[in-house]
Amino acid sequence: KMTQQMRDLQLAQARKPPGPSSPNAAKRLYRNLSGKFRVNYTSFDEGSLVGRGEKEKLRKSYLFQSNAALFEAVELQDLDRVQELLKHYSPEELDLNTPNSEGLLPLDIAIMTNNAPIARALLQTGAKESPHFVSLESRSLHLSTLVREAEQRVNELMAQVVNEAPNADCSEKEKQLKAWEWRFRLYKRMKAGFEHARVPDAPSSVHLSVASSSSLQVTFWEPLSVNLAVVTKYKVEWSCSPTFSPLLGEAVIEKLKDLHFTIQGLVSGTAYHVRVSAYNMKGWGPPQASVPPFAIPSNWREYDGRAPRRRGQAEALDHLLGQVKTVHQHCICHEPCKNQPQSRKHSVSKSLKHLFHPGSKFLKTLKRGLYLTAIFYKDDNILVTHEDQIPVVEIDDTYSCLLMQDFLWLTKVSCMWDEILWLRQCVTVSQSSCSCILQTRFKMLLAISQMQGLLGIQDLGQVFFEPIKDKQGNILIVTLKEVKTNQTFESVRWVPIYKLQTSRKSVSSPEEPTALDTLLISVQDKLAYHQRSSHALSPGLYLGYLKLCSAVDQIRVLVPEQLPNILCHVKIRSNPNISREEWEWLQKMASTEEPVPTEPEADRSQNPLFQELQVAIKELMTLVNIPLQEAKDFRLYSQEVLDFGDQVSFLLLLPPSDDVCTAPGQNNPYTPRSGFLTLPLQIFELGEER
């Protein structure tokens, strides 16, 4: 007989339908369940309200079978089926942590049959061991009971099959006999697996690092031997004493997708010792001490008490903008336009009429001038006018000023698209000889307002880092914005990009394409640039390479094409924090003007940051095509660590002082490999802020 505890459990589970009783039944159930489930998804994707209602109804009707199907897939050790069920159903729908009528959970079966892949898949989904096994003795007793009762049932069915004459009932009894024989073998295998298992070895490695001035990060790896039983959890312990007495705290890690843990709430400047141990169904294994044996929570800013560079900057800028708005609250600065010479007055008033006239619309062709175009895209579709043209409006048909400074000014304006009307009111058009700049910028604001009005949207997106020019005298400024929702626009519609490219008839020769033709040919490259420029780095500490080149009217910075909003870089480690001790070492190296570490040195082999920098510098030099021996003349920027939020930080590697910025006409002997571009410094700064 089963124990009273298991009897109570069976009564509690009596409302649950029994699962299939044989491997063949499990396969039939799984095919039936997954097949209908997949069909349902198709109808849902296509679908109407009726389709969605039927999907929900059919889904609920099969939920009660999903738990049984998961048990059968685990018992059959079918990893593919287990993964399929875990993918299609949530843990709640699968009743992942609800015991079956035998008092077992799917994870219990997986670990007692020592099926590590299935156990890991279940653990990553949130599976747990049965809480009824409070001790090794209770688990052993329960397994013995299952084996004994299965053996008894096999003997009973065998006697009935032998003694009864062949008939329909006998055939059914034979099927039951085969099912119970299979289950008897399963329980014996589970019992043998439990008896042969031992506690796991200690984790193979435990690494301790300083995460902040109040936290430490512990990273550990699986034991080399789990001793015939899957590890289901780990325990992290910490103390100020190397003997771990007294123990200051512990944490049990049951989510095993990433084997790391951050100890929070520690005291800055205090040394903490850490160790980690592993657990399987036989209990906790021996602990493994960390390397290094202790660590002290700290941050590089504690070296000289420096405050974060950007602390309060955003608030100060908002306050400054508020003050400016208050001063210009009743601004009518645009009225001096009436006093302009006749040609200028005519040009501005013509633009204003064009903006508010009901016939205002997008341009189809360019006729020598400065223009603004807005590219909105969603997946492989692009927004075009009803004439299948990319939206274009005119800025100035008599543009004669230096473009770069006006263009860089416009890129800053793109950070406040919602304030265009206010900016227009506050831009004063001067009568002085320098008014060309203000005239152009005022016209830029008018064109932006016109584009916003025609599209019915304020945010025009990000300005592409360089205008498109052609030999006919046209200059096209491009903005890019990805649309991720079903947003409604006015006077425009969506078309596939390839259709627009193939259907448009060029009005220029291939040798001298117009700016519009050039845009259409290169639109996919620009969309790719826009998407890449919004990507974020994964958390960690990085080594960046700062290389500039100057021109007559701008300074440009070298960036990778795949991530143009960040300097050329390689990852040093996943922990972004630089501790006080590490920063002191960097300061010492900088003060003695030691070369950057490119070769191993025996007396520094125990310094983890030194070793990490060696690897990173070699990788970075290879990336930018600079011989490693030249890196000996390079320097690490030692004034500060560049923090980008709490999760990403940079150390900068600088060329010799004379080579940081390449002057016009100066040859750069170390040309980077393909995959890099140079951005105007102001554009790069805006991209980094985004």
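The model is predicted. The chain has 690 residues, of which 46% are buried, and it contains 19 helices and 24 strands. Its largest nonpolar core has 72 residues, and a search of the whole structure finds 17 salt bridges.

**Overall composition**

- The chain exposes about 35900 Å², and carbon and sulfur atoms supply 53% of that area.
- Of the contacts between residues at least 6 apart in sequence, 73% join residues at least 24 apart.

**Nonpolar cores**

- In soluble globular proteins, nonpolar side chains tend to be buried together.
- The largest nonpolar core comprises 72 residues, and those with the most contacts inside it are I375, F376, I382, L455 and I477.
- Helix α14 (residues 435–455) gives nine residues to this core, the largest share.
- This core lies between domain 3 (369–533) and domain 4 (540–592 + 602–689), because both domains give residues to it.
- L455 touches F362, A374, F376, P391, L460, F489, E490 and V492, when residues up to four places away in sequence are not counted.
- Another core, of 64 residues, lies apart from the largest one; L104, I109, F133 and Y234 are among its members.

- Helix α12 is mostly covered, with eight of its 11 residues buried.
- The buried residues of α12 are L403, M404, D406, F407, L408, L410, T411 and V413.
- D406 forms a salt bridge with R441, in which the closest N and O atoms are 3.0 Å apart.
- This pair links distant parts of the chain, since D406 belongs to helix α12 (residues 403–413) and R441 to helix α14, 35 residues apart.
- D406 is buried, with a relative accessible area of 1%.
- R441 also counts as buried, at 18% relative accessibility, given that the limit for a buried residue is under 20%.

**Other salt bridges**

- The side chains of D643 and R301 meet in a salt bridge, with an N to O distance of 2.9 Å.
- D643 lies in strand β21 (residues 642–644) and R301 in the loop between β8 (288–295) and α10 (313–327), so this pair ties together parts that are 342 residues apart in sequence.
- D643 counts as partly exposed, at 29% relative accessibility, whereas R301 is buried, with a relative accessible area of 14%.
- K481 forms a salt bridge with D459, and the closest N and O atoms are 3.2 Å apart.
- K481 lies in strand β14 (residues 475–482) and D459 in the loop between α14 and β12 (462–463); the pair therefore ties together parts that are 22 residues apart in sequence.
- D459 is partly exposed, with a relative accessible area of 31%.
- E72, E75 and R183 are linked in a network of salt bridges.

**Strand β3 and its partners**

- Strand β3 (residues 233–239) is largely enclosed by the rest of the structure, because six of its seven residues are buried.
- Strand β3 pairs with strand β6 (residues 272–280) in the antiparallel sense over seven bridges.
- Within this pairing, Y234 has A278 in β6 as its bridge partner; Y234 is also among the residues of the 64-residue core.
- Strand β3 also pairs with strand β4 (residues 249–253), in the antiparallel sense and over five bridges.
- Here the bridge partner of E237 is E250 in β4.

**The four-stranded sheet**

- Four strands form an open sheet in the order β23-β17-β18-β24, with mixed pairing.
- Strands β23 (661–662) and β24 (676–680) are the edge strands, each of which pairs on one side only.
- Strand β17 (residues 548–550) pairs with strand β18 (residues 555–560) in the antiparallel sense over three bridges.
- L548 has V557 in β18 as its bridge partner.

Note on methods: Residues are numbered from 1 along each chain as its sequence is written. This is a predicted model: local features need pLDDT of at least 70, side-chain atom pairs count only at pLDDT 80 or more; totals for chains, interfaces and linings use all residues. Side-chain values use heavy atoms; hydrogens and water are left out. Two strands pair if DSSP finds at least two bridges between them. Helices (H or I, at least four residues) and strands (E, at least two) are DSSP runs, numbered from the N terminus. A nonpolar core is a set of buried Ala, Val, Leu, Ile, Met, Phe, Trp, Tyr and Cys residues joined through side-chain atoms within 4.5 Å. Buried means under 20% relative accessible area, exposed over 50%, partly exposed in between (1.4 Å probe, protein chains only). Domain bounds come from an automatic or database domain assignment. Contact means heavy atoms within 4.5 Å. Accessible areas come from the Shrake-Rupley method with a 1.4 Å probe; for residues, only the protein chains shown count as cover. A salt bridge is a side-chain nitrogen of Lys or Arg within 4 Å of a carboxyl oxygen of Asp or Glu.
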